[in-house]
Amino acid sequence: MYKLGVIGGMGPLATVKFYDKIVLNTEAYNDNEHIDLIVLNHSTMPDRTKCIIENKDTEFLNEIKKDLEILERIGIDVVAIPCNTSHYFYDEFKNFTNLKIINMIEETILEIKRRGIKKVAVFGTLGTLNSKVYNKYAKENGIEVKELSLEDKKTVMDIIYKIKETNNLESKDFVEILNRYCNDKTIGIIACTELSLLDIPENLNTIDALDVLVNKSIEYSGAKIKNKYKN
(Lines give C-alpha, C1' and ligand atoms only; values in the text may rest on other atoms or scores of the structure.)
Protein backbone atom coordinates (compact mmCIF):
# COMPACT_ATOMS: atom_id res chain seq x y z
CA MET A 1 0.00 0.00 0.00
CA TYR A 2 2.61 2.54 1.07
CA LYS A 3 5.34 3.22 -1.48
CA LEU A 4 7.79 5.42 0.43
CA GLY A 5 9.04 5.25 4.00
CA VAL A 6 10.88 8.25 5.44
CA ILE A 7 13.11 8.11 8.51
CA GLY A 8 13.05 11.75 9.51
CA GLY A 9 13.44 14.04 12.49
CA MET A 10 17.10 14.78 11.68
CA GLY A 11 16.07 17.56 12.05
CA PRO A 12 12.29 17.96 12.23
CA LEU A 13 12.07 21.19 10.23
CA ALA A 14 14.20 19.67 7.47
CA THR A 15 11.85 16.69 7.39
CA VAL A 16 8.91 19.06 6.90
CA LYS A 17 10.82 20.65 4.01
CA PHE A 18 11.46 17.23 2.48
CA TYR A 19 7.77 16.29 2.61
CA ASP A 20 6.79 19.69 1.22
CA LYS A 21 9.15 19.18 -1.73
CA ILE A 22 7.82 15.66 -2.35
CA VAL A 23 4.28 17.00 -2.67
CA LEU A 24 5.21 20.04 -4.76
CA ASN A 25 7.48 18.10 -7.13
CA THR A 26 5.19 15.14 -7.79
CA GLU A 27 3.23 15.38 -11.02
CA ALA A 28 -0.26 14.94 -9.61
CA TYR A 29 -3.60 16.51 -10.45
CA ASN A 30 -5.65 15.17 -7.55
CA ASP A 31 -5.09 13.60 -4.12
CA ASN A 32 -5.06 10.06 -5.47
CA GLU A 33 -2.12 10.72 -7.78
CA HIS A 34 0.22 11.62 -4.92
CA ILE A 35 2.57 9.11 -3.28
CA ASP A 36 1.37 7.00 -0.36
CA LEU A 37 4.10 7.44 2.23
CA ILE A 38 4.92 7.06 5.91
CA VAL A 39 7.10 9.53 7.83
CA LEU A 40 8.78 8.40 11.06
CA ASN A 41 9.71 11.72 12.63
CA HIS A 42 12.35 10.24 14.94
CA SER A 43 13.52 13.47 16.56
CA THR A 44 15.15 11.73 19.54
CA MET A 45 17.65 10.01 17.24
CA PRO A 46 21.20 10.34 18.66
CA ASP A 47 23.27 13.17 17.15
CA ARG A 48 24.97 11.81 14.03
CA THR A 49 28.05 14.05 14.12
CA LYS A 50 28.67 13.20 17.76
CA CYS A 51 28.38 9.48 16.96
CA ILE A 52 30.99 9.79 14.21
CA ILE A 53 33.46 12.04 16.02
CA GLU A 54 33.27 10.13 19.32
CA ASN A 55 33.06 6.73 17.60
CA LYS A 56 29.85 5.91 19.49
CA ASP A 57 27.54 4.62 16.79
CA THR A 58 25.83 1.67 18.50
CA GLU A 59 22.86 3.57 19.93
CA PHE A 60 22.20 5.39 16.65
CA LEU A 61 22.40 2.22 14.58
CA ASN A 62 20.08 0.41 16.99
CA GLU A 63 17.46 3.14 16.53
CA ILE A 64 17.80 3.07 12.73
CA LYS A 65 17.42 -0.71 12.78
CA LYS A 66 14.19 -0.41 14.78
CA ASP A 67 12.81 2.14 12.31
CA LEU A 68 13.68 -0.05 9.33
CA GLU A 69 11.90 -2.96 11.01
CA ILE A 70 8.79 -0.78 11.42
CA LEU A 71 8.88 0.13 7.73
CA GLU A 72 9.35 -3.51 6.76
CA ARG A 73 6.25 -4.49 8.75
CA ILE A 74 4.26 -1.73 7.07
CA GLY A 75 5.36 -3.08 3.70
CA ILE A 76 6.83 -0.01 2.01
CA ASP A 77 8.86 -0.24 -1.21
CA VAL A 78 11.69 2.25 -0.72
CA VAL A 79 13.29 4.20 2.15
CA ALA A 80 14.50 7.81 2.17
CA ILE A 81 16.57 9.25 5.01
CA PRO A 82 16.81 13.04 4.66
CA CYS A 83 20.03 13.45 6.64
CA ASN A 84 23.39 13.64 4.88
CA THR A 85 25.53 12.85 7.92
CA SER A 86 23.63 9.64 8.67
CA HIS A 87 24.73 8.24 5.30
CA TYR A 88 28.19 7.67 6.74
CA PHE A 89 26.52 4.50 8.08
CA TYR A 90 24.85 3.57 4.78
CA ASP A 91 26.54 0.17 4.48
CA GLU A 92 25.35 -0.72 7.98
CA PHE A 93 21.81 0.36 7.05
CA LYS A 94 21.82 -2.08 4.13
CA ASN A 95 22.78 -4.93 6.44
CA PHE A 96 19.64 -4.32 8.51
CA THR A 97 17.06 -4.74 5.74
CA ASN A 98 16.25 -5.95 2.25
CA LEU A 99 14.33 -2.74 1.57
CA LYS A 100 15.81 -0.37 -1.00
CA ILE A 101 17.40 2.60 0.77
CA ILE A 102 18.15 5.60 -1.43
CA ASN A 103 21.77 6.71 -1.04
CA MET A 104 21.43 10.49 -1.23
CA ILE A 105 25.22 10.98 -1.20
CA GLU A 106 25.89 8.68 -4.14
CA GLU A 107 22.85 9.92 -6.07
CA THR A 108 24.03 13.53 -5.66
CA ILE A 109 27.50 12.72 -6.95
CA LEU A 110 26.01 10.80 -9.89
CA GLU A 111 23.83 13.80 -10.77
CA ILE A 112 26.90 16.05 -10.69
CA LYS A 113 28.75 13.61 -12.94
CA ARG A 114 25.77 13.58 -15.31
CA ARG A 115 26.14 17.35 -15.64
CA GLY A 116 29.81 16.97 -16.57
CA ILE A 117 31.11 18.83 -13.51
CA LYS A 118 34.54 17.76 -12.27
CA LYS A 119 34.99 19.74 -9.04
CA VAL A 120 32.82 20.18 -5.94
CA ALA A 121 32.89 21.87 -2.55
CA VAL A 122 30.86 20.20 0.20
CA PHE A 123 28.98 22.20 2.84
CA GLY A 124 27.73 20.16 5.78
CA THR A 125 28.29 19.10 9.37
CA LEU A 126 31.71 18.26 10.76
CA GLY A 127 30.51 14.66 10.82
CA THR A 128 29.91 14.74 7.07
CA LEU A 129 33.09 16.67 6.24
CA ASN A 130 35.52 14.94 8.59
CA SER A 131 34.30 11.46 7.63
CA LYS A 132 34.77 12.42 3.95
CA VAL A 133 31.67 10.46 2.99
CA TYR A 134 31.22 12.60 -0.14
CA ASN A 135 34.90 12.23 -1.05
CA LYS A 136 34.48 8.46 -1.32
CA TYR A 137 31.83 8.66 -4.04
CA ALA A 138 33.46 11.66 -5.70
CA LYS A 139 36.74 9.76 -6.10
CA GLU A 140 34.91 6.75 -7.57
CA ASN A 141 33.41 9.05 -10.20
CA GLY A 142 36.49 11.12 -11.07
CA ILE A 143 35.35 14.25 -9.24
CA GLU A 144 37.69 16.45 -7.20
CA VAL A 145 36.61 17.76 -3.79
CA LYS A 146 37.74 21.26 -2.86
CA GLU A 147 38.29 21.35 0.90
CA LEU A 148 36.85 24.11 3.07
CA SER A 149 39.12 25.97 5.47
CA LEU A 150 38.93 24.94 9.12
CA GLU A 151 37.35 28.30 9.95
CA ASP A 152 34.67 27.91 7.29
CA LYS A 153 33.92 24.34 8.41
CA LYS A 154 33.36 25.59 11.95
CA THR A 155 31.22 28.50 10.79
CA VAL A 156 29.01 26.22 8.68
CA MET A 157 28.63 23.87 11.65
CA ASP A 158 27.62 26.81 13.85
CA ILE A 159 25.04 27.91 11.25
CA ILE A 160 23.57 24.39 11.13
CA TYR A 161 23.19 24.09 14.88
CA LYS A 162 21.82 27.62 15.17
CA ILE A 163 19.04 26.56 12.80
CA LYS A 164 18.38 23.48 14.93
CA GLU A 165 18.30 25.54 18.13
CA THR A 166 16.37 28.62 17.00
CA ASN A 167 14.81 27.92 13.55
CA ASN A 168 16.56 31.12 12.46
CA LEU A 169 16.84 30.94 8.67
CA GLU A 170 19.05 33.99 8.08
CA SER A 171 21.29 32.98 5.15
CA LYS A 172 23.70 35.93 4.80
CA ASP A 173 26.71 34.32 6.52
CA PHE A 174 26.29 31.04 4.66
CA VAL A 175 25.93 32.76 1.29
CA GLU A 176 29.18 34.62 1.95
CA ILE A 177 30.96 31.30 2.46
CA LEU A 178 29.38 29.81 -0.67
CA ASN A 179 30.68 32.75 -2.69
CA ARG A 180 34.25 31.89 -1.68
CA TYR A 181 34.08 28.39 -3.17
CA CYS A 182 31.38 28.21 -5.86
CA ASN A 183 32.20 29.33 -9.39
CA ASP A 184 31.82 28.21 -13.00
CA LYS A 185 34.10 25.20 -12.45
CA THR A 186 33.19 24.27 -8.86
CA ILE A 187 29.67 23.38 -7.76
CA GLY A 188 28.76 23.66 -4.09
CA ILE A 189 26.90 20.71 -2.58
CA ILE A 190 24.35 21.73 0.03
CA ALA A 191 25.07 18.66 2.14
CA CYS A 192 23.02 19.25 5.26
CA THR A 193 19.23 19.32 5.31
CA GLU A 194 19.25 22.29 7.72
CA LEU A 195 21.19 24.26 5.11
CA SER A 196 18.50 23.23 2.60
CA LEU A 197 16.12 25.45 4.56
CA LEU A 198 18.09 28.59 3.71
CA ASP A 199 17.43 30.89 0.77
CA ILE A 200 20.33 30.34 -1.66
CA PRO A 201 20.63 32.79 -4.59
CA GLU A 202 19.93 31.05 -7.90
CA ASN A 203 23.01 32.59 -9.51
CA LEU A 204 25.28 30.58 -7.21
CA ASN A 205 26.51 27.29 -8.69
CA THR A 206 25.05 24.85 -6.15
CA ILE A 207 23.18 21.57 -5.96
CA ASP A 208 21.07 20.59 -2.97
CA ALA A 209 21.38 16.93 -1.96
CA LEU A 210 17.87 17.17 -0.50
CA ASP A 211 16.49 18.02 -3.95
CA VAL A 212 18.26 14.98 -5.38
CA LEU A 213 16.76 12.79 -2.65
CA VAL A 214 13.31 14.25 -3.32
CA ASN A 215 13.49 13.48 -7.04
CA LYS A 216 14.84 9.97 -6.51
CA SER A 217 12.16 9.30 -3.88
CA ILE A 218 9.46 10.29 -6.35
CA GLU A 219 11.05 8.25 -9.13
CA TYR A 220 11.56 5.08 -7.07
CA SER A 221 8.00 5.38 -5.75
CA GLY A 222 6.71 5.05 -9.30
CA ALA A 223 5.49 8.64 -9.68
CA LYS A 224 6.52 11.34 -12.14
CA ILE A 225 8.68 14.34 -11.28
CA LYS A 226 7.12 17.71 -11.99
CA ASN A 227 10.19 19.93 -11.60
CA LYS A 228 13.50 18.56 -12.82
CA TYR A 229 16.90 19.55 -11.48
CA LYS A 230 18.31 23.00 -12.12
CA ASN A 231 20.97 22.62 -14.84
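1. On the basis of the model: residues are numbered from 1 along each chain as its sequence is written, and side-chain values use heavy atoms, with hydrogens and water left out. Because the model is predicted, local features need pLDDT of at least 70 and side-chain atom pairs count only at pLDDT 80 or more, while totals for chains, interfaces and linings use all residues.

2. Helix α5 covers residues 104-114, and M104, I105, E107, T108, I109, E111 and I112 within this helix are buried (under 20% relative accessible area, where exposed is over 50% and partly exposed lies in between, with a 1.4 Å probe and protein chains only). Helices here are DSSP runs of H or I with at least four residues, strands are runs of E with at least two, and both are numbered from the N terminus. The buried residues of α5 are covered by elements that include β5 (119-123), α7 (133-140), β7 (186-190), β8 (206-208) and α10 (209-220).

3. The two ends of α5 also deserve a look. At the start of α5, a side-chain oxygen of N103 comes to within 3.2 Å of the backbone nitrogen of I105, and just after the helix G116 adopts a positive phi of about 80°.

4. Apart from neighbours within four places in sequence, K153 is in contact with L126, L129, N130, E147 and L148 (contact means heavy atoms within 4.5 Å).

5. Across the whole structure, a search finds five aromatic pairs (rings of Phe, Tyr and Trp, the last by its six-membered ring, with centres within 6.5 Å; planes under 30 degrees apart are stacked, over 60 edge-to-face, and the rest tilted). One of them is the tilted pair of F60 and F89, at 5.2 Å centre to centre and with 45° between the planes. F60 lies in helix α3 (residues 58-74) and F89 in the loop between β3 (78-80) and α4 (90-96), so the pair ties together parts that are 29 residues apart in sequence.

6. F89 also pairs edge-to-face with Y88, at 4.9 Å centre to centre and 80° between the planes. Y88 is partly exposed, with a relative accessible area of 41%, whereas F89 is buried at 1%. F60, Y88, F89 and F93 form one aromatic cluster.

7. Finally, the charged end of K100 sits over the ring of Y220, 4.5 Å from its centre (NZ of Lys or CZ of Arg within 6 Å of the ring centre and within 35 degrees of the ring normal). The charged end of K164 sits over the ring of Y161, 5.9 Å from its centre.

Terms used: Polar contact = N/O pair within 3.5 Å; in protein donor to acceptor, adjacent residues only side chain to side chain.
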